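Please look through the structure shown here with its helix packing and its strand pairing in mind. The report takes these two topics in turn.

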Amino acid sequence: MRNPFRASAPVDWLVVGLGNPGTRYAATPHNVGFEVANALAARWDLPRATKKFNGLLTQGRTGPGGPRVAVLLPQTYMNEAGRSVGPARGAFKVELDHVLVIHDEIDLAFGDIRTRLGGGLAGHNGLKSLKRELGSPEFHRIRVGVGRPDTTDPEIVSAHVLGRWKQSRGEVADLVDRARDEAERVVTAPE
């Protein structure tokens, strides 16, 4: 039987959820990328993730005859996510425009979801790490709006993204579901 976790097996898409490892950061706006990636893996009925590439990795298909995907949650902390994503991308032989990164975006109002290919990094340290390790910012992104406090004070902004959600569980669940649907649309769209 073929091992579905053979690192050199190519995939069509590498889907990356950005966040920070550990229970301290669970259920915070900064970890919305993890939540959306986990929701995708559940929808696609992928196997339980295993430790690989300094992250948690699962792989399979989006459905019968669908694209082959690897879903990666880097466990390096957000600022070093590239140390996980770079080696995974190389092992899976994924073109840069078939890397999809799901991340929090403070410059979007809570609930706003935007998709883009490439572009600026908006001061997002996880994206900076990815650009550094991947050599370019020309990967797909699902930008999940978590809102910004009414200040530019870095300590208050940090507390906002690393603190608990201000919105209800239902509102956050709806945001995750809509971001999951958008990510799935990108991965399964005909080329």
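This is a predicted model: local features need pLDDT of at least 70, side-chain atom pairs count only at pLDDT 80 or more; totals for chains, interfaces and linings use all residues.

Two packed helices are described by the angle and the distance between their axes. For α1 (residues 32-43) and α5 (residues 169-188), the axes come within 9 Å and cross at roughly 65°, and the crossing in which α1 passes α5 is right-handed.

## Strand β4 and its partners

Strand β4, which spans residues 68-74, is mostly covered, with six of its seven residues buried. Strand β1 (residues 13-17) pairs with β4 in the parallel sense over four bridges, and within this part of the model Trp 13 has Val 69 in β4 as its bridge partner.

Strand β3 (residues 55-61) runs antiparallel to β4, and the two are joined by seven bridges; Leu 57, for instance, has Leu 72 in β4 as its bridge partner.

## The hairpin turn

The strands β3 and β4 also form a hairpin, in which six residues lie between them. In the turn of this hairpin, Gly 65 has a positive phi of about 75°.

Technical notes. Residues are numbered from 1 along each chain as its sequence is written. Side-chain values use heavy atoms; hydrogens and water are left out. Buried means under 20% relative accessible area, exposed over 50%, partly exposed in between (1.4 Å probe, protein chains only). Two strands pair if DSSP finds at least two bridges between them. Axes are lines fitted to C-alpha atoms, for helices over the stretch in contact, and angles run from 0 to 180 degrees between N-to-C directions. A crossing is left-handed if the near helix is turned anticlockwise from the far one by less than a right angle, and right-handed if clockwise.
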